[in-house]
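Subject: Structure for you, with notes

Hello,

Here is the structure I said I would pass on. My notes on what I found follow below it.

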Amino acid sequence: MKMKDLLDSAQPMKKHKSKSKKNELKKKKQEKLEAKKQAKTKKEVKAKKPVEVTKKPAKVLPEDSSTTSNPIRQRASKSLEPMTNEEQLIAINQIIKRLLMNEITQGMALRELRVSVLGLRQDAYTKLTGVSRKTLSEIENDKGNYTTEIINKVFKPFEIKVGLVPTSSQLLAAIMAN
């Protein structure tokens, strides 16, 4: 009977002392970190002089009419200069040739095309192609087993499709020489 009365009581259970102390310590640490960050940003703002930033527009391959979205282009690296259309075509052809000769994997080829030719980060490239960032990352790292439809989607900006290629390197070299 006493147990039933205890269970029906509206009194909240007491917190264990060690858990509440740990939570208090965590809160204090977080407050200290936030205060340090705010102080640091204030110092940086005071120390910096206003600098005028000019951005060069990234040159990209001409998109076909089926691609209607125009995502904000984010350069993969600020040190990478945009390529001209001629340079893009040369780079694409070299990467495709290395892919066909089994010098690089499909994922490595996609990463090289995305970064060096278009100069885009994964987020911007996923908006361009319509695949998720996780899917793009897994393809670039040669993980997962994706359908030809997905592979064709990620290579579409470069006008590349999955196809049949001879397994014999001699036959492939002969075809490429012609």
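The largest nonpolar core has 22 residues, and Leu110, Leu113, Val117, Tyr125, Val154, Phe155 and Phe158 are those with the most contacts inside it. At least two residues of this core come from each of helix H3 (85-100), H4, H5, helix H6 (133-140) and H7. H4 gives the most, with five residues. Please keep in mind that this is a predicted model. In soluble globular proteins, nonpolar side chains tend to be buried together.

The helix contacts come next. Helix H4 (residues 106-118) and helix H7 (residues 148-155) have axes that come within 11 Å and cross at roughly 25°. That makes H4 roughly parallel to H7, since an angle under 35 degrees counts as such. On the H4 side the contact is made by Gln106, Leu110 and Leu113, and on the H7 side by Ile151, Val154 and Phe155. Five of the residues in this contact are nonpolar, one is polar and none is charged.

H7 also meets H6. Their axes come within 11 Å as well, and cross at roughly 95°. H6 and H7 are therefore roughly perpendicular to each other, as angles of 65 to 115 degrees are classed that way. Thr135, Leu136 and Ile139 from H6 touch Ile150, Ile151 and Val154 from H7. This contact, too, divides into five nonpolar residues, one polar and no charged.

Now to H5. Six of the eight residues in this helix are buried, so H5 is mostly covered. The buried ones are Gln122, Ala124, Tyr125, Thr126, Leu128 and Thr129, and they pack against H4, H6 and H7. After H5 comes Gly130, which has a positive phi, near 90°.

Tyr125 is buried, with a relative accessible area of 0%. Leaving out residues up to four places away in sequence, Tyr125 touches Leu110, Arg114, Leu118, Leu120, Leu136, Val154, Phe155, Pro157 and Phe158. Among these, Leu110, Val154, Phe155 and Phe158 are also listed with Tyr125 among the core residues with the most contacts. Thr129, also in helix H5, counts as buried at 10% relative accessibility, because the cut-off for buried is under 20%. Beyond its neighbours within four places in sequence, Thr129 is in contact with Lys153, Val154 and Pro157. Val154 and Pro157 are on the contact list of Tyr125 too.

What does a search of the whole structure find in the way of aromatic pairs? It finds one. The pair consists of Tyr125 and Phe158, which are stacked, at 6.2 Å centre to centre and with 25° between the planes. Why does this pair tie together parts that are 33 residues apart in sequence? Tyr125 lies in helix H5 (residues 122-129), whereas Phe158 is in the loop between H7 and helix H8 (169-177), so the pair links those two parts. Is Phe158 buried or exposed? At 4% relative accessibility, Phe158 counts as buried.

Best wishes

Terms used: Residues are numbered from 1 along each chain as its sequence is written. This is a predicted model: local features need pLDDT of at least 70, side-chain atom pairs count only at pLDDT 80 or more; totals for chains, interfaces and linings use all residues. Side-chain values use heavy atoms; hydrogens and water are left out. Axes are lines fitted to C-alpha atoms, for helices over the stretch in contact, and angles run from 0 to 180 degrees between N-to-C directions. Helices (H or I, at least four residues) and strands (E, at least two) are DSSP runs, numbered from the N terminus. Angles under 35 degrees count as roughly parallel, over 145 as roughly antiparallel, 65 to 115 as roughly perpendicular and the rest as oblique. Contact means heavy atoms within 4.5 Å. Ala, Val, Leu, Ile, Met, Phe, Trp, Tyr, Cys and Pro count as nonpolar, Asp, Glu, Lys and Arg as charged, and the others, Gly among them, as polar. Rings of Phe, Tyr and Trp (its six-membered ring) pair if their centres lie within 6.5 Å; planes under 30 degrees apart count as stacked, over 60 as edge-to-face and the rest as tilted. Buried means under 20% relative accessible area, exposed over 50%, partly exposed in between (1.4 Å probe, protein chains only). A nonpolar core is a set of buried Ala, Val, Leu, Ile, Met, Phe, Trp, Tyr and Cys residues joined through side-chain atoms within 4.5 Å.
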